[in-house]
Amino acid sequence: MDTERKLIYHERQRLQFCLLHTLNNLFQEKDAFSRAALNAIARKLDLQDPNQSSWTPLSVVFKSHHNVVTGNYDVNVLIAALEERGKTVKWHDRRCGASAIGLDDKLFGIVLNVPVKRYGGLWKGRHWIALRRVDSAWYNLDSDFSSPYQFKNTEEITELLDGVISTGGEILLVMNGED
């Protein structure tokens, strides 16, 4: 067994900043992205939106692409952030099942967006999760976990992804560069 095992960077969940944690876990860097950087991306997206709604008192907190207080960034912020780093995002066609996903070198990582229930089912929302290969092993870097989970084999990854599909989750493939 390898005695010099590489340390896996893993941020834990805080408020609704799971997208921030997911990006930092995906890139394996503490400050790959900051709250300020994601807020700037969200503001830029707001300015580019031709269907921008008019201002209301709630607009101070609830922006089009995130919540100012708790985070809760949307998929547009994720895609723009990844594109800033030269990555491309492909939505996985759920009709194909997880076995159609090639876990090869073109794949930088996988981002999941899964439905969650918290507080005894009183609050329903969605949660971002990063899966990433580090060296030759794949890890589930879910910020709700106390530590990264190393998958035993590719079949275990496929089972997780099929479970995500069956519960209404989304799978986004983060590709190295243009594909």
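This is a predicted model: local features need pLDDT of at least 70, side-chain atom pairs count only at pLDDT 80 or more; totals for chains, interfaces and linings use all residues.
**Entry 1: the whole chain**

I started with contacts: of those in the chain with a separation of 6 or more, 61% come from residues 24 or more positions apart. Next I counted elements and got four helices and six strands. Reading from the N terminus, I wrote the order down as α-α-α-β-β-β-β-β-α-β. I then checked burial over the 179 residues, and 44% count as buried. The accessible surface of the chain came out at about 10300 Å², with 53% of it belonging to carbon and sulfur atoms.

**Entry 2: the annotated site**

I looked up UniProt, where an unreviewed entry lists C18, H127 and D142 under "active site". These are spread over 125 residues of sequence, yet they cluster in space, with a largest C-alpha distance of 9.1 Å.

I took C18 and found it in helix α1, which covers residues 18-27. Is C18 buried or exposed? I get 4% relative accessibility, and the cut-off for buried is under 20%, so C18 counts as buried. I then listed its contacts, leaving aside neighbours within four places in sequence: Q13, H127, W128 and S143.

D142 came next. I placed it in the loop between β4 (137-140) and β5 (149-150). D142 counts as buried because its relative accessibility is 7%. Not counting residues up to four places away in sequence, I see D142 touching H10, H127, I129 and A130. I note that H127 turns up among the contacts of C18 and also among those of D142.

**Entry 3: helix α3 and its ends**

I went along α3, residues 75-84, and marked V77, L78, A80, A81 and L82 as buried. At the start of α3, I found a side-chain oxygen of D74 within 3.0 Å of the backbone nitrogen of N76. After α3 comes G86, and I read its phi as positive, near 80 degrees.

**Entry 4: strands β1 and β6**

I followed β1 (residues 87-91) to its pairing with β6, which is antiparallel and runs over five bridges. Which residue in β6 is the bridge partner of T88? I find M175. I also checked cover on β6 (residues 170-176): five of its seven residues are buried, so I call the strand mostly covered.

**Entry 5: salt bridges**

Side chains of opposite charge can pair when their charged atoms come close. I counted four salt bridges. One of them joins R85 and E29, and I put their closest N and O atoms 3.8 Å apart. This pair links distant parts of the chain: R85 is in the loop between α3 and β1, E29 is in the loop between α1 and α2 (35-48), and 56 residues separate them. I have R85 as partly exposed, with a relative accessible area of 32%. E29 is also partly exposed, at 35% relative accessibility.

I then looked at R95 and D93, whose side chains meet in a salt bridge at 2.6 Å, N to O. R95 counts as exposed because its relative accessibility is 73%. D93, at 29%, counts as partly exposed.

I noted K152 as exposed, with a relative accessible area of 67%.

Definitions and conventions:
Residues are numbered from 1 along each chain as its sequence is written. Side-chain values use heavy atoms; hydrogens and water are left out. Buried means under 20% relative accessible area, exposed over 50%, partly exposed in between (1.4 Å probe, protein chains only). Helices (H or I, at least four residues) and strands (E, at least two) are DSSP runs, numbered from the N terminus. Two strands pair if DSSP finds at least two bridges between them. A polar contact is a pair of N or O atoms within 3.5 Å; within protein, one must be able to donate a hydrogen and the other to accept it, and residues adjacent in sequence count only if both atoms are side-chain atoms. UniProt positions are given in the numbering used here, feature names are shortened, and annotations may be inferred rather than shown by experiment. Contact means heavy atoms within 4.5 Å. Accessible areas come from the Shrake-Rupley method with a 1.4 Å probe; for residues, only the protein chains shown count as cover.
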